[in-house]
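Here are a few exercises to work through with the model open in your viewer. Try each task before you read its solution.

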Amino acid sequence: MNHLKNLLHPSILELVIIGVIVILIVFLVIRFLPRRLKQSYFVDKWRKLQVYCKEQRTWHKALIEADKLLARALKRKKFKGKSMGEKMVSAQHTFTDNDSVWYAHALYKKIVEKKRRKLKQSEIKDALVGYRQALRDLGALPKDETK
């Protein structure tokens, strides 16, 4: 009977081990779960980049800022990959219009690498629509945001 009592009462060492395991599990879950994005931050940044759309000579700045926003959202959502392209591949099932976000990023790369100097209005519009939709899909921008 005394032997049975010892089996039912955990020792302090066992409780400490269980506690440490629980703490590790909680830490790992928190560390690797994607974070919710603070929409107010992204809405504010999106509105600021729209100012660059007023003049053709600053369109490239809007494109650069939009790509930075997408990069930040992908990082905060913990999509895997070393480069932006790898993170976009990881997120491709999240995007409702995968082609448009890739188009936008490809245009961004051409601008940054100085392979393109001038942008057409239709190009910048299509690219920003692609970025905006990707940010909506990630939860960075509200779905009903019209601007």
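**Exercise 1.** Which residues is H105 in contact with, leaving aside neighbours within four places in sequence?

*Solution.* Start with the ground rules: this is a predicted model, where local features need pLDDT of at least 70, side-chain atom pairs count only at pLDDT 80 or more, and totals for chains, interfaces and linings use all residues. Residues are numbered from 1 along each chain as its sequence is written, and side-chain values use heavy atoms, with hydrogens and water left out. Now take contact as heavy atoms within 4.5 Å: H105 touches D67, M84, G85, M88 and Y131. Then place H105 itself, which sits in helix α6, residues 98-112 (helices are DSSP runs of H or I, at least four residues, numbered from the N terminus).

**Exercise 2.** Is H105 buried or exposed?

*Solution.* Buried means under 20% relative accessible area, exposed over 50%, partly exposed in between (1.4 Å probe, protein chains only). H105 comes in at 7%, so it counts as buried.

**Exercise 3.** Where around α3 do F42, V43, W46 and L49 lie?

*Solution.* First, these four residues of α3 are buried. They cover an arc of only 130° around the axis (taken from the directions from the helix axis to the C-beta atoms), so they're on the same side of α3. Finally, what covers them includes α4 (59-76) and α7.

How values were computed:
Helix = DSSP H or I, 4+ residues; strand = E, 2+ residues; numbered from the N terminus.
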